[in-house]
Amino acid sequence: MKKHFSIGLSLVVFALFPVWTARPLHAQSDCLSCHGTPGMTDSSGKSISIDADKFHSSIHGSLTCTNCHTNVKGYPHAANAAQVDCSTCHADEASGLGASVHAKASDHPCLSCHGDPHQIVPKTDASSPVYPLNIPKTCGNCHGNPALAKQHGLANVYGSYMDSIHGFAVSKEGLLVAANCTSCHGSHGILSHKDPKSPTYRTNIPGTCGKCHVGINQQYQAGIHGQLAAKGNPDVPVCTDCHTAHTILEPTSAEFRMQSTPVCGNCHRDKFSTYRDTFHSQLGLLGGYVQTARCWDCHQAHDVRPASDPASPIAPANLIVTCGKCHTGANASFVQYQPHANPRNRRLSPALYYIRLFMNLLLASVLTFFLIHTVLWLVRSHLARGNGGKHA
Amino acid sequence: MPEPTATIPVASVPEPEPSPALPPEPPRQRWFLRFTLAQRYLHAVLFTTFLVLAATGMVMRFSGSIWAIRLARQVGGFGAILFFHKFCALILTLAFLIHVRDIFARGLFKREKGIFWGPTSMVANWKDVKDLFAHFRWFLGMGPKPKFERYAYWEKFDYWAVFWGMVVIGFSGYAMWFAPTFARFLPGWALNAALIIHSEEGLLAILFIFAIHFVNTHLRPDSFPMDYVIFTGRESEEEFKHRRPLEYQRMLAEGRSATRITDAPPKWLINFSRVVGFTAILIGLTLLILALSAYFVG
């Protein structure tokens, strides 16, 4: 392929065989003799002016114009040049793009991301629109546009991403390895998350995130959720169920800690409801107390295992250590506390069931008795006052 | 509770009764001391700490409701709520212990009469049972109004409800506060039980005080809008005679009216009582509405 000629090599060839290599260079300068004029436009007013210096320093600077504009054979040429087909050289990228969600884009599919075709620089160049730190902005040109998102039935995710831990790493710290759009979605062959081949398809997500988060993925795969996911169970949570796809927060932040317990509760409804009855939940709901135990403080976030597994932090033998993380002095009796006790269930918690029943009966009987007592008294007092006495 | 002690100012005391059998109508209203300054302070500490404990406790119990979350955020979140709750719990515990020590010191060591039994005691007796039934008969127009002694049966109930409430709520509260320590001698599930008992008993206290005690003591036609005696310590002879005729007659029969008589409550004290009392009632009724709405609406 012609792109494999380096500029250096062409210069050497040019110096040694000036006559033999003169024609293609002449062709480029021939074109630039007209198109090098600044401000040149076609009949519809569209710029057809080429900045020769920028073109020469671009990755395609060694190519002649007719390599891409294949229908231009000589001068004069037709007023409308045919659309350039990049797939002649970039066959793999083009086939990926052809199968992707962007296949039907009305604009030139390559240029929407790669920018001005005469100024394309390598993606390792910081000025490239597909340089890792520039990718979110490039994708955001469309995916940060609410009207476009609505038109295509997509979530307008650019803002969420930019406010996420990944977005901050890119925009604030310039971290090249931070996940940008293409890290998860791929670049040319982007598929819908409903396509089983997509890296964002539900069961592929742990592997996608695991490309960077290797250690977390190992823990996840060892836990009950990962094991079930590997067996193809679609109901178990994958990374994005807890962390979301784009609005990913720092997991130790107050915001994430305070909002995330209901996420586990989406599936573990009974455990969530009994958690809500406890002091741990009350602490969390009222805010200002970030340390309060959330699900994963006891159960682990990624390596979640049932209590019957000796490696689980909630296995009976490990409870003193687990509870002791917050409760200094936790002992064998203390850890018999049931963080998910259900006093409404006579079978599971008989003692608590009867204590609650007794307390409710006490409440009801005392209040009922005195309510009747007070109402009768009020009525009698009013009657007595009506009879003329001040006191009753 | 005993008779008030001899710390009453006697300078403005009118002439004592010439004869207990024939009380002449005095030219102006006479005032008698019902509660000593110490008793009034005890009540003041009790109700101020109770209001804060009730408000912060309800925020925790109904932590899912919007008003609870808003209120908590206003004062600085859970940390602040729990701080105020524990702070007032400590003060109330201290007041409770001082009261218990006082009762035992007077009843057991000073051998003061009427602490544990008799007409002036807070301990319930057979007359209270009879009064309860007689009162109900009077409510229904089936009999005369019973004549009450120094403490009527519903006042004794108020006292013991608060007394045992403090023991139960206090113990369960401290068990949760110092859970690992209490777990040395309590089984783990007792910590679960502690929250149930603490929160139910607390709710009972809130509903009882704000719905029953307020009406019985302050809002019922006889004392509407408020009975100032717990703030001023004094009540007029007319009120005394009407409300607790047996105690009044006993005082006269024992010739002790001179030790009970006192000056009229000063204007500033009545105004102070109004401000403090109405504030407490207003806060209490607000909490009552919030508690009921959270309990029934969710």
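Trainee: How many residue pairs are in polar contact between chain A and chain B?
Mentor: The count is 10 residue pairs, both at pLDDT 80 or more. A polar contact is a pair of N or O atoms within 3.5 Å; within protein, one must be able to donate a hydrogen and the other to accept it, and residues adjacent in sequence count only if both atoms are side-chain atoms.
Trainee: Which elements give two or more residues to the side of chain A that touches chain B?
Mentor: They are α18 (279-285) and α21 (350-386) of chain A. Helices are DSSP runs (H or I, at least four residues), numbered from the N terminus.
Trainee: Which one gives the most?
Mentor: α21(A), with 23 residues.
Trainee: And how many salt bridges across the interface?
Mentor: The rule finds 0 between chain A and chain B. It asks for a side-chain nitrogen of Lys or Arg within 4 Å of a carboxyl oxygen of Asp or Glu.
Trainee: What about the ground rules?
Mentor: This is a predicted model: local features need pLDDT of at least 70, side-chain atom pairs count only at pLDDT 80 or more, and totals for chains, interfaces and linings use all residues. Residues are numbered from 1 along each chain as its sequence is written, chains are lettered from A in the order in which they are written, and side-chain values use heavy atoms, leaving out hydrogens and water.
Trainee: New topic. Is B:Thr56 buried or exposed?
Mentor: B:Thr56 is buried, because its relative accessible area is 7% and buried means under 20% (1.4 Å probe, protein chains only). B:Thr56 lies in helix α1 (residues 37-61) of chain B.

Notes:
Buried < 20%, exposed > 50% of the residue type's maximum accessible area, 1.4 Å probe, protein only.
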